Amino acid sequence: MEGRRAPKGNSSQESRLRTQRREGLKQDLERVRAVAKGNKRVRFTALWHHVYKVDRLREAYEKLKRGAAAGVDGVTWECYGRSLEEKLEDLSARLKWGRYRAPPVRRRYIPKADGRQRPIGVPTIEDKIVQRATVEVLNAVYEAEFKGFSYGYRPGRSQHGALDAIAVAVQARKVSWVLEVDIRGFFDTIDHGWMRQFVEHRIGDVRVQRQILKWLKAGVLEDGERRETEEGTPQGGSVSPLLANIYLHYAVDLWVEQWRKREAEGDVVVVRYADDIVMGFQTRMEAERFRRALEERLRRFHLELNPEKTRLLEFGRFAKENRRRRSEEKPETFDFLGFTHYCGRTRNGRFTVGRRTARNRQRRKLEEVKAELDRRRHERVAEVGQWLGAVLRGHTQYHGVPGNYRALRSFRYEVVRLWWRQLRRRSQHSRYPWERMRLTVARWLPLPKIVHPHPAQRLRVNT
């Protein structure tokens with residue numbers, strides 16, 4: 001028989017070449033990783049040539065989110081992809097000879113859980129490419145440097161890793177008090193002087209140092225007016241989370257590790273995700289002593305605790321019994337990464353850290369669903385059903401942890417109620433009986449389910 005004709009254009013040969021390029025990029029950084037892991041005092045003086053490689057810039061472009069908002073130049077991902085190779089060659093040359101200038105970021109605001117607005121910086125597509133390539137190279141150095149209790153914005157780590165760690169630590173160690181730590185406006189108050197010293201401690205390449213300083217000083221564009229930034233790092237780019245981890249690594253993590261070894265008398269557990277920190281202590285006196293020491297430590301680096309979100313609460317396997325003996329109410333709860341943690345019991349009566357979706361997180365998500373349903377009011381039922389199904393699957397993928405089934409079912413019920421209400425209000429004469437709605441829901445909306453294993457099982461596999 002006559003064989004199939006090979007496809008035109010992107011053939012298997014291109015896929016093979018792309019794979020070979022990626023493997024080559026990984027091997028380029030293996031020696032950097034090995035040196036960083038073997039000697040913690042080495043300063044890397046030749047890293048910039050890894051950044052401006054065309055293959056690395058191309059890989060960074062391919063990993064960008066396709067539908068992300070455009071920066072101050074208005075160029076989208078698809079627009080930049082036209083004649084991509086020529087643009088990457090030009091970008092590589094500008095990076096190589098120091099002619100690249102970091103443009104200002106476009107300022108946007110997103111609502112926070114407490115009703116305030118969080119400022120977000122939107123870099124240009126080209127700046128995102130350079131940031132992502134730089135972060136990949138710097139991760140080869142700092143992944144060997146960062147501590148194990150740091151989980152935020154690191155490759156191979158996630159929010160669920162931090163959630164598993166705090167749950168297992170409270171259950172397995174002698175923890176009776178939990179300290180929630182929140183740093184007030186952390187990303188907006190990072191001191192550029194200290195940031196520069198922290199980077200230079202490990203990175204000796206002047207070109208990398210200079211580029212990081214350019215990003216810190218790039219400024220923001222808001223309402224058509226450019227504003228200089230004397231402190232802080234704009235959230236929204238790839239380099240901002242890495243710089244935040246570097247800052248907290250030297251300002252907090254190293255000090256916490258030393259304090260735990262030298263000052264602590266009982267068990268102390270630490271889990272940090274970006275600027276959100278949860279710590280467990282054996283005694284209240286030690287927790288209060290640590291808080292006072294932490295305030296002094298942060299003040300040295302121009303940071304301060306947020307008194308509204310930093311609190312100490314009795315929590316652990318003996319908390320309920322101790323509070324009952326003192327004729328007090330049941331133990332308090334604390335929120336961490338979208339979950340409310342509470343003192344629970346298994347079917348066998350053993351202590352466990354219960355987790356359910358935080359009410360403010362669920363309420364805010366339902367408000368977003370309601371607003372989007374109003375916008376999609378006159379779209380076809382099938383289109384809205386596909387979108388709502390994706391919303392529920394995404395919600396389940398994050399919040400589907402053991403013990404949270406009731407909250408998942410409640411969220412699905414509220415989504416169904418909002419959708420039914422929207423269908424019945426499409427016009428003055430619209431009728432949508434419940435029997436028809438049940439068939440529609442069964443067709444498009446998945447049932448809630450638990451998709452994550454128990455924290456101890458996953459943590460044991462990962463570590």
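Begin with the largest cavity, whose lining residues divide into nine nonpolar, six polar and one charged. In this classification Ala, Val, Leu, Ile, Met, Phe, Trp, Tyr, Cys and Pro are nonpolar, Asp, Glu, Lys and Arg are charged, and the others, Gly among them, are polar. Select Val105, Gln131, Trp215, Pro234 and Val239, which lie nearest its centre among the 16 lining residues. The space there is about 110 Å³. Helix α11 (239-262) gives the largest share of this lining, three residues. On a 1 Å grid over the protein atoms alone, a cavity is a set of points where a 1.4 Å probe fits but cannot get out, while a pocket is an open set with protein on both sides within 12 Å along at least five of seven lines; lining residues have an atom within 4 Å of a point. Points are joined across faces, edges and corners, and a volume is the space filled by probe spheres set on them. Helices (H or I, at least four residues) and strands (E, at least two) are DSSP runs, numbered from the N terminus.

This is a predicted model, in which local features need pLDDT of at least 70 and side-chain atom pairs count only at pLDDT 80 or more, while totals for chains, interfaces and linings use all residues. Residues are numbered from 1 along each chain as its sequence is written, and side-chain values use heavy atoms, with hydrogens and water left out. Colour by pLDDT, the predictor's confidence in each residue from 0 to 100: the mean is 89, and 92% of residues reach 70 or more. Over residues 1-7 pLDDT stays under 50.

Next, select Gln171, Thr346, Thr352, Val353 and His454. Of the 23 residues lining the second largest pocket, these lie nearest its centre. The pocket holds about 740 Å³ of space. Strand β11 gives the most to its lining, with five residues; α7 (159-172), β10 (339-345) and α18 (455-462) are among the elements that each supply at least two.

Stay with α7 and pick His160, which is found in this helix. Is His160 buried or exposed? The residue is buried, with a relative accessible area of 9%; buried means under 20%, exposed over 50%, and partly exposed in between (1.4 Å probe, protein chains only). Beyond four places in sequence, His160 touches Phe339, Gln397, Tyr398, Val401, His452 and Arg458, where contact means heavy atoms within 4.5 Å.

Now select residues 268-273, strand β6, where six of six residues are buried. Val268, Val270 and Arg272 point one way, and Val269, Val271 and Tyr273 the other. Val271 has Val278 as its bridge partner in β7. Two residues lie between the strands of this hairpin, in which Ala274 takes a positive phi near 60 degrees.

Arg56 sits in helix α3 (residues 54-63) and is buried at 0% relative accessible area. Its contacts beyond four places in sequence include Asp28, His50 and Glu136. Arg376, in the loop between α14 (359-375) and α15 (381-399), is buried at 16%. Beyond four places in sequence, Arg376 touches Glu383, Val384, Trp387 and Gln422.

Technical notes: Two strands pair if DSSP finds at least two bridges between them.
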